[in-house]
Structure formats: C-alpha cells, structure tokens
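Please read the points below with the model open beside them.

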Amino acid sequence: MSIKYKVISADNINCIKNLCNELMVYQKTKAHIHPEWFDNMCFESRMIPAIDGSKSNFIITAKDKDEIIGYAYSNICSKTTYSDGFATLEPVDFFDFNSVKGDDVGCLSQFFIKEDYRKTGIGTILFNRSLDWLNSAESIDDIFIFVSNGNEDALRFYQGKGFKVSHQILGGFITVLRNF
Ligand SMILES: CC(C)(COP(=O)(O)OP(=O)(O)OC[C@H]1O[C@@H](n2cnc3c(N)ncnc32)[C@H](O)[C@@H]1OP(=O)(O)O)[C@@H](O)C(=O)NCCC(=O)NCCS
C-alpha cells in the first residue's frame, strides 16, 4: 500500500465532501448524548462555514492510488469562536477563555480515515503534519481538539499523542482536549 499525502487548498475542498459526511455519520453511531444533532451536520453546514470563518486553514489528504481515503482539517481562529461555535444548538458550558494566552487558538477540527485504512499509521502521519502546521503558527500557543461524545477510540488516540481533556461543552456532547 503506497499512500500519498497532499495538502489541498481551501478552494479544492469538494474532494473531501464525502469523507466529511462519513465522519458525521460515524460520530452519530458513537454518540449517546444527542446523536440526532448530527442529522444537521454535514459538509455544507460544518466544513464550509468553518473554512470561511477561520483566519487560516490547513487541509491534508491521504490518497491510495486515485482515491482519497482520509483527511485532517485544522484551522486558526479567534478563541471566542468556540464560545458560540455551536450556538445554533445550545449555550457553551463554562470555560475560562482567559486561560488561553493569545487572541487565537489552533484547532484540529476534523479527522477521518476510511475504516479499512485505520490502525496502519496513516492517522499518525496526518496528525503529525497537522500539528507541525499548527505549531508553526506564531499567533497561537493553544491547540484544541474537539471529540464528540462516545468516540472513545479517538479520545485514546489523542491522549496517546499527549493531549489532555480540558473541558466539555454542550452538556458533554463534545469533549475538548488541549495541549496544556
Ligand atoms: C482517529 C483516526 C483518525 C486515527 O487514524 P488511524 O489511521 O487509525 O491512526 P493510526 O493508525 O496512526 O493509530 C491508531 C492506532 O493504531 C495503532 N497502530 C498504528 N499502526 C499500527 C499497525 N501497523 N498495527 C497495529 N496498530 C497500529 C496506533 O498505535 C494507534 O493506537 P491508539 O489509538 O491506541 O493510540 C481514525 O481511527 C478514524 O478515522 N476514526 C474514525 C473517525 C474519527 O473518530 N475521527 C476523529 C474525530 S475527533
């Protein structure tokens, strides 16, 4: 298996539309708190607004021959974006935004590998490339990762990479991990 990694521009995100939608379906299957909220989450409602609303975006894909089999999407945006990022759903639980040093935060926002390709190291490569990009941004010290409830495998993956649980939002619908 020869996997090729490619950074794509925000103008070319349509090529990951199906994978983004698969990620939403996957997260719904894992969730026990409000799984129905995922019914309104899709490429058009999550990915495009995130790209448009962020100061900077980084999208990296993994390709097997001609097929994109995984991607990671990271961005940099104002720390207060996440105080109402899910405002259409419910208020955000308490989090002390003063604990974030700068005005902006980095965020690993979406991450998905097709099932047959998981646990072969592809995710680690995409994760490391994304973190390299986030860490190279001078405007940020803090990196957040948002994991929806019930996705214990993803939590373990990120904790294995040194991230720690910071707080929860939306009554536990999302757990926020942080690079303390
Ligand atoms: C989370 C996800 C992106 C990780 O990608 P991945 O390609 O499976 O990641 P890796 O293969 O690098 O590592 C996954 C695990 O497999 C292990 N692994 C890596 N290579 C391996 C190999 N050759 N043989 C056996 N195990 C291996 C890793 O140690 C790791 O273990 P851990 O999770 O207990 O730390 C992927 O599982 C996925 O897409 N899941 C579904 C969607 C999802 O949950 N996304 C995250 C939303 S927040």
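The numbered points below start with the basis of the model and then go through its parts.

1. Basis. The model is predicted, so local features require pLDDT of at least 70 and side-chain atom pairs pLDDT 80 or more, while totals for chains, interfaces and linings use all residues. Residues are numbered from 1 along each chain as its sequence is written, and side-chain values rest on heavy atoms, with hydrogens and water left out. Helices (DSSP H or I, at least four residues) and strands (DSSP E, at least two) are runs numbered from the N terminus.

2. Ligand shell. The ligand has 18 residues around it, and those that come nearest are Phe111, Ile113, Gly121, Gly123 and Thr124. A residue counts as near when one of its heavy atoms lies within 4 Å. By class, ten of the shell residues are nonpolar, five are polar and three are charged. Here Ala, Val, Leu, Ile, Met, Phe, Trp, Tyr, Cys and Pro are taken as nonpolar, Asp, Glu, Lys and Arg as charged, and the others, Gly among them, as polar.

3. The protein covers 71% of the 930 Å² of accessible area that the ligand has on its own (Shrake-Rupley method, 1.4 Å probe; for residues, only the protein chains shown count as cover). Two or more shell residues each come from helix 1 (17–30), strand 4 (104–113), helix 3 (122–136) and helix 4 (152–160). Helix 4 gives the largest share, four residues.

4. Helix 4. Which residues of helix 4 are buried? They are Ala154, Leu155 and Tyr158, where buried means under 20% relative accessible area, exposed over 50%, and partly exposed in between (1.4 Å probe, protein chains only). Because these residues cover an arc of only 105° around the axis, they sit on the same side of helix 4; the arc is that of the directions from the helix axis to the C-beta atoms. In general, an α-helix has 3.6 residues a turn, so residues three or four places apart point the same way. The other side of helix 4 has Arg156 and Gly160 exposed. The buried residues pack against strand 4, helix 3, strand 5, strand 6 (164–169) and strand 7, contact being heavy atoms within 4.5 Å. Just after helix 4, Gly162 has a positive phi of about 100°.

5. Helix 2. In helix 2 (residues 43–53) the buried residues are Phe43, Met47, Ala50 and Ile51. Their arc around the axis is only 100°, which puts them on the same side of helix 2. Asp52 and Gly53 are exposed on the face turned away from that buried side. The partners of the buried residues of helix 2 are helix 1, strand 2 (56–64), strand 3 (67–78) and strand 4.

6. Ser148. This residue is in strand 5 (residues 143–148) and counts as buried at 4% relative accessibility. The side chains of Ser148 and Gln27 are joined by a polar contact of 3.4 Å. A polar contact is a pair of N or O atoms within 3.5 Å; within protein, one must be able to donate a hydrogen and the other to accept it, and residues adjacent in sequence count only if both atoms are side-chain atoms. Leaving aside residues up to four places away in sequence, Ser148 touches Gln27, Phe38, Phe173 and Ile174.

7. Strand 7. Ile174 belongs to strand 7 (residues 174–178) and is buried at 6% relative accessibility. Thr175 also lies in strand 7, and its relative accessibility of 9% makes Thr175 buried. The Thr175 side chain forms a polar contact of 3.2 Å with the side chain of Gln168. Among the residues that Thr175 touches, beyond four places in sequence, are Ile145, Val147, Leu155 and Val165.

8. Ile8. Strand 1 (residues 3–8) includes Ile8, which is buried with a relative accessible area of 12%. Residues up to four places away in sequence aside, Ile8 touches Ile13, Cys15, Ile59 and Thr61. Ile8 and Ser136 are 128 residues apart along the chain, and their C-alpha atoms are separated by 18 Å.
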